[in-house]
Amino acid sequence: MPVYRSALLRFADDGCALYDEDGLLAIGPDAQGRQRVLAAGAWQALSPQYAHEPVTHLPGRILAPGFVDMHIHFPQTDVIGSPADGLLPWLENYTFPHESRFVESEYSGQVAQFFIEELLRNGVTTALAFSTSHPASVDALFTEAQRQQMRLITGKVLQDRHSPDGVRDDTEQSLIDTDALIQRWHGVDRLGYAITPRFAPTSTHEQLRGAGELAARYPDVWIQSHVAENRDEIRWARELFPAARSYLGVYDDFGLMRERAVYAHCIHFDDDDRALMRDTGAVAAVSPTSNLFLGSGFFDYAGADRVGFGYGLASDVGGGTSFSPFHTMLAAYYVGREGQTKQGLSLSPQRLWWQHTAGAAKALGLAGVVGNLQPGCEADFVVLNPEATPLLARKTRQARNLDELLFALIVLGDDRVVQETVISQAKYGSSA
Ligand SMILES: [Zn+2]
């Protein structure tokens, strides 16, 4: 049974960080052979129980939960950093031409391998990802995630209109393919399926209706899409669905708002939209590097908290500019400062970290499963080196409390901080 001795970061149920400077993390298999946290806490209190176990001692390192990325596009790995004049030109000139290549299994497999390795290298151990409209892209990503024993959720993109040849799908076939992919992959090992309309403007009423029917038939399958990212996109959605109360209301009209429904961006909302999110249990994937890069706007943290809907952090690569959770947390801090409230918010370092770990897991309906290192959680974690660069070493040595330590890592950290990413290596049973 692996026992680690190191500094240890985890989260209480209320989102507050728990930190042991000299901590113990014990891991072992459950009845199904899945690796879980058996004990986590202060070394002094827990070590007598593990006196006969070999200990991996990691002085100067921090064990922390693996990060959870709530929204990322695996086929946009090579679209990252493409210059474009806002969302719609960026889709037309870079994203759609690139995604058309994923009709080929071999190409999809090559990119999937790089993508998963890049997530793990950056400390991301759970992701909700878009594939493309081609079933081959979904098979490729699930196959690679399964090989790495990673907890990953993805789905075939639905887009049967306003999309060029090569990515546009056929309405009836797209729903048949989605059903078949759910049956093939959902709940296999650590994999989950997400019904994935790209966004309302690229689906016909018929396709959205079919997606909603599948969402009702498979209530533990996820739903993912985009909403209220950019003003031109909102105008377009309102023209195409004039009967809907709002852009978000389109998804509600087609039965696509419920628990496990994750909407990226959620920037330009009114309080009725926020209440609809809260009342249906749908959640937001806040994507700050993407929103800053494409000039889309700022997620309104104060509005979300005032009305009370769930959210967590996401990279949104390739609209987003980095796979690194540290870059995403820092961008979220900027968004809080510059956002829609008059004085600006200072999101606390603990709160930012929670949004990308336990908070994101909670939003996905995976609280107590991933994103934390409390007893019973699946044992996905990162080994962080707070002295990874000369400036980080200098700065973190001067930290007087946990907030100062975490904020130094958020502001100055990147993939160099992630010394190791550990995901459960056991063979799993069949439940997700
Ligand atoms: Zn996106």
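Over which residues does pLDDT stay under 50?

## Model and confidence

pLDDT stays under 50 over residues 426-432; pLDDT is the predictor's confidence in each residue, from 0 to 100. For residues 426-432 the model has 19 contacts beyond four places in sequence, a contact being two residues whose C-beta atoms, placed from the backbone, lie within 7 Å. Where pLDDT is low, the predicted coordinates should not be read in detail. The protein chain averages a pLDDT of 95, and 97% of the residues score at least 70.

This is a predicted model, in which local features need pLDDT of at least 70, side-chain atom pairs count only at pLDDT 80 or more, and totals for chains, interfaces and linings use all residues. Residues are numbered from 1 along each chain as its sequence is written.

Six strands form an open sheet in the order 3-2-1-4-14-15, with mixed pairing. Its edge strands, each pairing on one side only, are strand 3 (35-42) and strand 15 (418-422). From one strand to the next the twist averages 40 degrees. Strands (E, at least two residues) and helices (H or I, at least four) are DSSP runs, numbered from the N terminus; two strands pair if DSSP finds at least two bridges between them.

Strand 1 (residues 3-11) pairs with strand 4 (residues 55-65) in the parallel sense, over 5 bridges. Tyr4 has Thr56 of strand 4 as its bridge partner, and Leu8 has Leu63. Strand 4 is also joined to strand 14 (residues 381-384) by 4 bridges, and these two run antiparallel. Here Pro65 stands opposite Phe381 in strand 14.

## Helices 3 and 4

Helix 3 (residues 105-121) and helix 4 (residues 135-147) have axes that come within 8 Å and cross at roughly 40 degrees. Helix 3 is therefore oblique to helix 4. Axes are lines fitted to C-alpha atoms, for helices over the stretch in contact, with angles from 0 to 180 degrees between N-to-C directions. Angles under 35 degrees count as roughly parallel, over 145 as roughly antiparallel, 65 to 115 as roughly perpendicular and the rest as oblique.

On the helix 3 side, the contact is made by Ser105, Ser108, Gly109, Ala112, Gln113 and Ile116. Helix 4 contributes Ala136, Ser137, Ala140, Leu141, Glu144 and Ala145. These contact residues divide into 6 nonpolar, 5 polar and 1 charged (Ala, Val, Leu, Ile, Met, Phe, Trp, Tyr, Cys and Pro count as nonpolar, Asp, Glu, Lys and Arg as charged, and the others, Gly among them, as polar).
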